[in-house]
Amino acid sequence: MDKLIVRGGKRLTGSIRISGSKNSALPILAATLLTPETCVIHGVPDLSDVRYMLDILTHLGAEVTYEGGTVTVRAEKVHADAPYDLVRRMRASICVMGPLMARCGEIKISQPGGCVIGDRPIDLHIRGMEALGAQVEMAGGNLLARADKLTGTEIFLGGKNGSTVLGTDNVMMAATRADGATVIESAACEPEVRDLAEMLIKMGAKITGHGTRRIEVEGVAALHGCEHTVIPDRIEAGTYVVAGLITEGQVTLENVVPEHMTNLLDRMKACGAIIKAHGTTLEVGAIRKLTSMEAVTETFPGLPTDMQAQLVALMSVTGGISVITDKIFPARFMHVPELKRMGAKIAMEGPTAIITGVPNLSGAPVMASDLRASAALVLAGLVAHGSTEVNRVYHIDRGYEHIDDKLRALGADIERVKSGKE
Ligand code: EPU
């Protein structure tokens, strides 16, 4: 298994380009199943999660090519059976449910298992499919759904922790081909949901209200091929914002949509960061030591849960006491014990991390447990004294395109050790 060796203490400076969004690309690739015509998707990041999704599309019968960030999918014929071996690798594979229900009127998909970031139920996805007229049952670890036809209706998609991103995506995709109009109340407003809606509209779907809590979809008889470019990855960009700040550096990020990051950028400015946006370019630095923060993750436009781990790392070396609560995934704190091994002072109270900033962290061998936790450990390694060895790097490769190359381009001392070599 590859590992990353980070030797801390380098101030990051320079410019990098942010990749296309993983969490936009995955449902958008799934949406290509909605039509037998060719879809061309640009700006697709080269990530293992993307490769898994392409494997799933291929398994389902689509012809797929991927070259230079562009994916071409032609799903002339598809079948509705997504087996465990493929689905278990990535929870986001659940987003083929909506397109397959629309296209085939049925789906058999292995039920996604547990997840290291906590409980990941799919009750809202199921509730949405049932509201559209599907019969859903569980058998042998599989989720089976069938509908002779999908019928538009009003669906409330709020759960105990707020709206659901992929649940909204699934219902929106299924509803594009339903009879009549569907209204999704308490829909997710995330930019990635909006991006998917824009892509579906290019395919001929009739959708309004995307980007708000109420999405309306008027079903159409057929969808056609399209060409679409996925939005830049706001979480990757946010992670490099933290990389700049944690090393007291000065970084420029190209290919960013600052409006997708307002909450994070405002909070960083409140802590003392100087952040300037010029069109799609972001300049990040600070002229004084950052101050501590209190933050709660929320659905968009709130602070994203996908930035929680990175902020815990940043606050570990920021003076004062910070309090960070994850309301979306209350158990998503696997990075905390590892950060503590590097000298961070963090106490947990339920879904809240209470962080007492320390002057220094010290490098240590640490274990990545999930994508964002791994990013937090790399960030901590950038500023720690000595060398940090981040094991199980495959987690980070699921969501950060060429992270070692990009950090090196900013001046970090980071090296990837391939499995079998030391
Ligand atoms: N939830 C339910 N029932 C459901 C679905 C979700 O109660 O049927 C709850 C979840 O347990 C959670 C909350 O609703 O408490 C929000 O979960 P959501 O469904 O929005 O998560 P998701 O759609 O499965 C996407 C991203 C995640 C990101 C979350 C929240 C993709 C592929 N994944 O997951 O990204 O954390 O939204 O913004 O888009 C990541 O990139 O590291 C990542 C985990």
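In what order do the four strands of the open sheet with β22 and β24 run? I read β22-β23-β1-β24, with mixed pairing. Before going on, I noted that this is a predicted model, where local features need pLDDT of at least 70, side-chain atom pairs count only at pLDDT 80 or more, and totals for chains, interfaces and linings use all residues. Residues are numbered from 1 along each chain as its sequence is written, and side-chain values use heavy atoms, with hydrogens and water left out.

I took strands (E, at least two residues) and helices (H or I, at least four) as DSSP runs, numbered from the N terminus. Two strands pair if DSSP finds at least two bridges between them. β22 (365–367) and β24 (413–417) are the edge strands, each pairing on one side only. From one strand to the next, the twist averages 20 degrees. I then checked β1 (residues 3–7) against β23 (residues 387–391): they run antiparallel and are joined by four bridges. Arg7 stands opposite Ser387 in β23. Helix α12 (residues 371–383) lies across β1, β22, β23 and β24, at about 30 degrees to β1. Axes here are lines fitted to C-alpha atoms, for helices over the stretch in contact (heavy atoms within 4.5 Å). Angles run from 0 to 180 degrees between N-to-C directions.

**Sheet with β8.** I found another open sheet of four strands, ordered β6-β7-β9-β8, again with mixed pairing. Its edge strands are β6 (81–82) and β8 (135–139). Five bridges join β8 to β9 (residues 142–146), and the two run antiparallel. Glu137 stands opposite Leu144 in β9. Helix α4 (residues 97–104) lies across β7 (106–110) and β9, at about 150 degrees to β7.

**Thr176.** I located Thr176 in the loop between α6 (165–175) and β11 (181–185). Is Thr176 buried or exposed? Thr176 counts as buried because its relative accessibility is 0%; the cut-off is under 20% relative accessible area, with a 1.4 Å probe and protein chains only. Its side chain reaches the backbone oxygen of Met173 at 2.6 Å. Beyond four places in sequence, Thr176 touches residues including Leu34, Leu200, Val217 and Leu223.

**Cores.** I defined a nonpolar core as buried Ala, Val, Leu, Ile, Met, Phe, Trp, Tyr and Cys residues joined through side-chain atoms within 4.5 Å. The largest has 75 residues, and Leu29, Met53, Val96, Met172 and Leu200 have the most contacts inside it. A second, separate core of 68 residues includes Val251, Leu282, Leu314 and Ile414.

Notes: Buried means under 20% relative accessible area, exposed over 50%, partly exposed in between (1.4 Å probe, protein chains only). A polar contact is a pair of N or O atoms within 3.5 Å; within protein, one must be able to donate a hydrogen and the other to accept it, and residues adjacent in sequence count only if both atoms are side-chain atoms.
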